[in-house]
Amino acid sequence: MKLVIQLLLWIVIIFLGYLVFNAVYEPIQFNKVKEKRYSKVIDRLKDIRAAQLAHQEITGSFEKDFDKLVRFIDTAEFTLTQRRDSTVLDEEYRKAFGVDKYKDVVVIDTLGTASVKDSLFGKDDRYKKMMFVPVDGVDAKFTMDAGTIVKNDTKIPVFEAKVAKKVILNDQDKDLVMTENQVVSVEGVNGAFITVGSMEDIKTEGNWPRAYDDKQQ
């Protein structure tokens, strides 16, 4: 009887030890997976932002359709300019007072054009897949929208691209994912989505911490 009790106690001890080990080990492994996947997703959102900013610079607006944004990158060109200071005769002052007077002006010279694709991505064609969430086993696309919001009676172009954390972490422990969705921290990605831009505010930043910006793509 004493031997049976000892065996039962050892079983209980081993079981409790297993539970304690899992309670520590699983979150550690979850965080490793999370950070690796988040890094890939954020790098792709940075590409989307770069493409959108180029589109806005050239056309004056953001694009809500990924296929059109890809075609834009394939065909559009930046206009290369150079600003220089110069001095010219102030004709209005001369006409008014009959005296020559010179004024300082900024002259913008057009130097040529440069391909948006080459400027942003060089020979890399990863932009053609920027609509897809870059996680193995995840068949999903980023959600993207674009439009305008009114600030001080002026229409301002805005865009937003995002993906839910539960999509990125679809094969992970559901309780850990639920906890991750509630993160509020300066060192974490806050909320249930990883997002760049906003349809409510004038911003083109992402909701990730600076640590992800310091990592090289």
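Is glutamate 180 buried or exposed? Glutamate 180 is buried, because its relative accessible area is 6%. Buried here means under 20% relative accessible area, exposed over 50%, and partly exposed in between, with a 1.4 Å probe and protein chains only. The model is predicted: local features need pLDDT of at least 70, side-chain atom pairs count only at pLDDT 80 or more, and totals for chains, interfaces and linings use all residues. Residues are numbered from 1 along each chain as its sequence is written, and side-chain values use heavy atoms, with hydrogens and water left out.

Stay with glutamate 180. Its side chain meets that of lysine 34 in a salt bridge, at 3.4 Å from N to O. A salt bridge requires a side-chain nitrogen of Lys or Arg within 4 Å of a carboxyl oxygen of Asp or Glu. Glutamate 180 lies in helix α6 (residues 174-181) and lysine 34 in helix α1, so the pair ties together parts that are 146 residues apart in sequence. Helices (H or I, at least four residues) and strands (E, at least two) are DSSP runs, numbered from the N terminus. Lysine 34 is also buried, with a relative accessible area of 13%.

The whole structure has 8 salt bridges. Another one joins aspartate 124 to arginine 126, at 3.0 Å from N to O. Aspartate 124 is partly exposed at 33% relative accessible area. Arginine 126 is partly exposed at 28%. Shared partners join Lys34, Lys165 and Glu180 into one salt-bridge network.

Next, the loop between α1 and α2. Serine 61 lies there. Serine 61 counts as partly exposed because its relative accessibility is 32%. It touches His55, Gln56 and Pro157, leaving aside residues up to four places away in sequence. Contact means heavy atoms within 4.5 Å. The C-alpha atoms of serine 61 and valine 158 are separated by 7.8 Å, though these residues are 97 apart along the chain.

The search also finds 2 aromatic pairs. In one of them, phenylalanine 62 and phenylalanine 159 are tilted, 4.9 Å centre to centre with 50° between the planes. Phenylalanine 62 lies in the loop between α1 (2-59) and α2 (66-75), and phenylalanine 159 in strand β4 (residues 154-164), so the pair ties together parts 97 residues apart in sequence. Rings of Phe, Tyr and Trp (its six-membered ring) pair if their centres lie within 6.5 Å; planes under 30 degrees apart count as stacked, over 60 as edge-to-face and the rest as tilted. Both phenylalanine 62 and phenylalanine 159 are buried.

Lysine 64 forms a salt bridge with aspartate 145, the closest N and O atoms being 3.9 Å apart. Lysine 64 is in the loop between α1 and α2 and aspartate 145 in strand β3, 81 residues apart. The bridge partner of aspartate 145 in β4 is glutamate 160. β3 and β4 pair in the antiparallel sense over 9 bridges; pairing needs at least two DSSP bridges between the strands. The two strands form a hairpin with 2 residues between them, and asparagine 152 in the turn has a positive phi of about 55°.

Finally, the core. The largest nonpolar core has 39 residues, and Val41, Leu45 and Met130 are among those with the most contacts inside it. Such a core is a set of buried Ala, Val, Leu, Ile, Met, Phe, Trp, Tyr and Cys residues joined through side-chain atoms within 4.5 Å. The largest share, 8 residues, comes from α1.
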